[in-house]
Amino acid sequence: MGPPGNKITPLGITLLSLVLLGIGWTVWRAATQSNDVGPDRSLERIRERGTIRVGFANERPYGYLNTDTGEITGEAPEVAKYVFEKLGIEHFEPVVTEFGTLIPGLQARRFDVIAAGMYITPERGAEIAFSNPTYAIGEGFIVLAGNPKNLHSYETLAENQDARLGVMGGSVEHGYAQSLGVSDDRIVLFPDYLSAMKGLEAGRIDAVGATANTINDLLSKAENPNIERADPFENPVIDGRSILGYGAFGFHKEDEALRDAFNEVLADFIGSPEHLEMVERFGFGENTLPGDITARQLIEGNH
C-alpha cells in the first residue's frame, strides 16, 4: 500500500479535469484567433507610409520613364497620381520591371500597384485585384513596308505558315495568337517592344503584335521608312466576340480597401474634361473611354 499522498480523490479528478478543460479552451481560442482575418487596412497603411510604390514596364504610352525629367509618366501613372493625391497620398516611388514580371512583383509586394495599362483578363483576375478600366482599345500589327506577307489580322497570320509574330512577353497578344491558331514555334517573345521592332527590322519576325496606341507611339518615333502599320487590320475574334482590350490598375488580392477607394475616385474622374485633357497627349480620348463596364464583368466574362 502506497503513501496517502499518491492517492487521487474524486475531488482531485474533478479539479484536474477543470484545469485541463481550461487549458484546452485557451489553446483553442489562441489558435482560432490567430487565424482570424483582421480588417483590411491597406489604404490606411499606404496613407501612414505617405508613399505609394508604383510598378511599371517602361512601355509608351501606358507607363514609362521620362528621361528628361526622371519622372514616371504615361496614361496610367498620370491617372494614378491624380487618384492617389485625392486619397491623401502624394509621393510616388517608381519601380521599373519587365511586363511579364509585373504580377509576380506585385504578389511579392515589391510595389503596391501596377500602373502599366494592363488589360483585365480572367486569368490575371485570378491572381490580382483590378480597378475598373480606364480605357478600351483595339489591336494592330507593325509590318515591313508594303506588308509583303499580307498580314491584316491574327487569323491571316495563323493561316500563313511562313509568318512569324513578335510579341512582348506576358502580353495579351501572346494569348490572342495562341487562341487563334498561331503555333508556338512561330511566336517570338521579346522583353519590350523596342526589341520587337529591332527583330522585325532584322527579319527575325514578320509582324509585331501590339495595341493600337502602342503602335501609334512606336511608329511616331521610328526612323525606319521600311516599316508601317498593317492597314486595314481586323481585331481578333475569340469565342464569337471582337476583342477590345480594357486597361486598368492592378492591386494585391489582399488590398481590396485600397482598390475600392481608388475605384470611387475613378468613377467621378474617367471621362471628365480634366481626365480627357490629361490623357490626350498619350493618344487617348473620348473614342477610348471604357463605358460602364466593370472589372468584375470583364473577369467573369459578362460583357
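## The second largest pocket

In this predicted model, helix α8 gives the most to the lining of the second largest pocket, with 5 residues. Two or more lining residues also come from each of β2 (64–66) and α9 (212–221), alongside α8 (193–201) itself. The pocket holds about 560 Å³ of space. Sorted by class, the lining has 11 nonpolar, 5 polar and 9 charged residues.

## The largest pocket

Now for the largest pocket, with a volume of about 670 Å³. It is lined by 27 residues, and T121, P122, E123, V172 and Y176 are the closest to its centre. Helix α7 (172–179) is one of the elements that supply at least two lining residues, together with α5 (122–125), β14 (241–242) and β15. The largest share, 6 residues, comes from α7. Here the lining splits into 11 nonpolar, 11 polar and 5 charged residues.

## Where α2 meets α10

Helices α2 (residues 42–49) and α10 (residues 256–269) pack with their axes 6 Å apart, at an angle of about 80°, so α2 is roughly perpendicular to α10. On the α2 side, S42, L43 and I46 make the contact, while α10 brings E256, A257, L258 and A261. These residues comprise 5 nonpolar, 1 polar and 1 charged.

Is D255 buried or exposed? With a relative accessibility of 2%, D255 counts as buried. It is found in the loop between β15 (245–251) and α10. Beyond its neighbours within four places in sequence, D255 is in contact with D40, S42, R45 and R109.

Conventions. Residues numbered from 1 in each chain as written. Predicted model: local features only at pLDDT ≥ 70, side-chain atom pairs only at ≥ 80, totals over all residues. Heavy atoms only, no water. Axes fitted to C-alpha atoms, helices over the stretch in contact; angles between N-to-C directions. Helix = DSSP H or I, 4+ residues; strand = E, 2+ residues; numbered from the N terminus. Parallel < 35°, antiparallel > 145°, perpendicular 65-115°, else oblique. Contact = heavy atoms within 4.5 Å. Nonpolar A, V, L, I, M, F, W, Y, C, P; charged D, E, K, R; others polar. Buried < 20%, exposed > 50% of the residue type's maximum accessible area, 1.4 Å probe, protein only. 1 Å grid on protein atoms, 1.4 Å probe; cavity = no way out; pocket = protein on both sides within 12 Å on 5 of 7 lines; lining within 4 Å. Points joined across faces, edges and corners; volume = space filled by probe spheres on them.
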